[in-house]
Amino acid sequence: MTNPIPVRLKSARKAAGYTQQQLGMALGMEPNTASARMNQYEKGKHTPDYQTMKRIADELGVPVAYFYSDDDLLAELICALGKLNIKEKEYILGLIYRKIE
């Protein structure tokens with residue numbers, strides 16, 4: 001199984017309109033190393049720890065679980081659900097439970 005983090009990170013970064021350097025700097029990295037560090041994450045040479053991944057997710061406006069899902073459709077569902085408010089999430093969860101029972 002291929003690590004989904006590099007592909008999802010690059011996709012989410014581009015969708016949010018960040019360059020690698022801009023994202024790294026938004027996370028507090030030094031300007032002269034931000035691009036290289038983000039590039040290593042996107043190439044899969046290094047994997048951010050959970051706390052860093054959470055900060056990246058927050059900056060890009062996606063749920064952190066999106067990066068860890070090895071199922072593309074589930075990853076998209078996670079992103080879509082992440083945009084809903086709590087009441088909407090509860091409603092959708094109810095629909096799902098009724099469907100699978």
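**Figure 1. Seven helices and zero strands make up the secondary structure of the protein chain.** Helices (H or I, at least four residues) and strands (E, at least two) are DSSP runs, numbered from the N terminus. Reading along the sequence gives the pattern α-α-α-α-α-α-α. Do keep in mind that this is a predicted model, where local features need pLDDT of at least 70, side-chain atom pairs count only at pLDDT 80 or more, and totals for chains, interfaces and linings use all residues. Residues are numbered from 1 along each chain as its sequence is written, and side-chain values use heavy atoms, with hydrogens and water left out.

**Figure 2. The C-alpha trace of the protein chain spans about 55 × 30 × 20 Å along its principal axes.** Of the contacts (heavy atoms within 4.5 Å) with a separation of 6 or more, 46% link residues 24 or more positions apart. Among the 101 residues, 31% count as buried, meaning under 20% relative accessible area with a 1.4 Å probe and protein chains only.

**Figure 3. Lys 10, Lys 14, Lys 43 and Lys 45 form a positive surface patch.** Lys and Arg count as positive here, while His and the chain ends are not counted.

**Figure 4. Here is Lys 10, a residue of helix 1 (residues 5-15).** Why does Lys 10 count as partly exposed? Its relative accessibility is 37%, and partly exposed covers the range between buried and exposed, the latter being over 50%.

Key
Patches are made of residues with over 30% relative accessible area and no salt bridge: like charges are joined within 9 Å, nonpolar side chains (Val, Leu, Ile, Met, Phe, Trp, Tyr) within 5 Å. Accessible areas come from the Shrake-Rupley method with a 1.4 Å probe; for residues, only the protein chains shown count as cover. A salt bridge is a side-chain nitrogen of Lys or Arg within 4 Å of a carboxyl oxygen of Asp or Glu. The place of a charge is taken as NZ of Lys, CZ of Arg, CG of Asp or CD of Glu.
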